[in-house]
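Hi everyone, thanks for coming along. Let me put the sequence and the structure up, and then we can walk through a few spots together.

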Amino acid sequence: VYSLDWLSTLGEFQRQSNMELSTQSILDMACKHLKHLIDLEVTAFYLVDKEDSDLILTHLDPKDEEYDFQEEFGFHVDQGTVAWTLNQNRPVIVESRQSGQKIIFHTLATRASVQGLFAVVVADERQLENEGFHYLLTILLQHTANSLESSSFYKLLSEQNQNLEKIVKNRTGKLENQTVQLKKEVAERQRAILALESSETRIQMIVDNVAAGIISTDAHGRIKSYNYMAEKIFGYSASEVIGQPVKLLIPPRYYETEKQHLDTRISNIAGLTDEVEGLRRDKSEVPLNIAVNEMFVEGKRMFTGIFHDITEQKKARAQQAMQFSLTKLFADSRSMEEAIPDILKVIGEFLHWDLSFYWEMNEAEAGLQCKYGWRSDFIQGKNFQEFERQTHEIIFPDGVGLPGRIWETQAPAWIPDVTQ
């Protein structure tokens with residue numbers, strides 16, 4: 001009940017944190033709501049400097065903790081905790097190096113950009129055991145990030161509007177005082193009208209050059225626009241997909257198993273960011289990070305999806321997980337000999353191999369002999385026994401066979417087809 005009551009106050013927070021508020025006012029409002037959510041000992045907001053992208057301490061309460069907290073923050077920057085937090089959308093809880101108390105780090109991010117980082121020293125660690133608290137904290141900080149982004153955009157637009165107003169005022173004054181310039185001013189206005197008429201073309205140029213795929217559909221899931229980056233990701237040209245159902249770009253399992261209309265599925269994820277698989281022209285799948293927004297254009301319901309190819313990010317995460325597993329394996333093993341079978345298993349599973357083998361130099365036979373092997377669940381029961389038996393029996397002299405060549409050159413080798 002308390003959580004529902006607290007969530008209801010966020011509506012007031014959203015109304016109060018209008019675009020005209022200063023950054024400090026938004027942070028003060030966020031702190032006010034935080035105090036109703038958790039007992040705080042030290043609260044800090046670090047915001048991204050637009051000039052050099054550094055994190056700048058913008059708000060600290062109490063202020064007399066600045067020296068100690070900055071030193072603590074620098075320690076966690078060196079440890080990589082801050083960089084890790086900026087890539088998460090959840091609280092990251094660590095232990096203070098100085099006091100041993102729990103510190104919560106949480107990114108301040110919108111769907112479009114990272115606004116900064118929130119950090120707090122918790123007075124009562126028991127509150128951290130409540131998963132609901134983590135969820136409520138994330139919601140509040142997302143509201144705060146959205147308010148900061150809206151305020152930033154509002155300031156930018158206000159400055160542009162002020163500049164435009166000055167230009168209009170100057171031009172009007174000239175028209176009033178220099179009637180001889182009337183024809184020139186009329187010509188300039190005509191050029192302005194032509195510029196407005198071509199604005200749609202300019203907007204399309206911007207959309208085509210943004211470093212993200214952008215697709216818009218109507219309420220029935222038919223593609224209405226499709227930018228250049230989307231062409232690169234999916235392999236279809238815009239002329240091939242405009243007017244086609246968006247499910248052309250979605251693996252069948254996403255809509256065949258759910259037995260629901262695609263427009264209903266899109267409605268359910270509108271306003272959210274998610275990781276999904278896309279379907280390329282060659283029928284291969286590509287991992288995407290996608291944000292879908294709903295809008296109404298001339299009374300018609302539309303959906304816009306902005307997405308990035310995260311193939312490399314997923315590879316990096318998998319590699320990091322594999323390195324972590326190997327590090328733990330080495331730490332838990334009493335010897336290299338004991339660890340080797342598990343090493344083959346970890347590498348094989350993370351890299352999606354079917355068979356992996358380990359060779360060791362047999363001094364008596366003057367050659368390399370296979371000592372350990374591993375097979376995946378995928379080929380369990382399949383007829384590979386003879387291949388594995390011969391692999392264990394054959395001894396490869398230096399420079400002979402694939403193992404022997406690798407041993408001789410001390411360099412990795414890749415053979416697409418071992419039968420060739």
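This is a predicted model: local features need pLDDT of at least 70, side-chain atom pairs count only at pLDDT 80 or more; totals for chains, interfaces and linings use all residues.

Cys370 is buried, because its relative accessibility is 5%; buried means under 20% relative accessible area, exposed over 50%, and partly exposed in between, with a 1.4 Å probe and protein chains only. Cys31, at 7%, counts as buried too.

Residues are numbered from 1 along each chain as its sequence is written, and side-chain values use heavy atoms, with hydrogens and water left out.

Now look at strand 12, residues 367-375. Strands here are DSSP runs (E, at least two residues), and helices are runs of H or I with at least four, numbered from the N terminus. Two strands pair if DSSP finds at least two bridges between them. Strand 12 runs antiparallel to strand 11, with eight bridges joining them, and Phe357 stands opposite Gly373. Four residues lie between the two strands of this hairpin, and Ala366 in the turn has a positive phi of about 55°.

What does strand 12 join through two bridges? That is strand 13, residues 395-396, also antiparallel to strand 12; there, Ile395 is the bridge partner of Gln369.

Last stop: Leu351 sits in the loop between helix 13 (336-350) and strand 11 (355-362). Leu351 counts as partly exposed because its relative accessibility is 40%.
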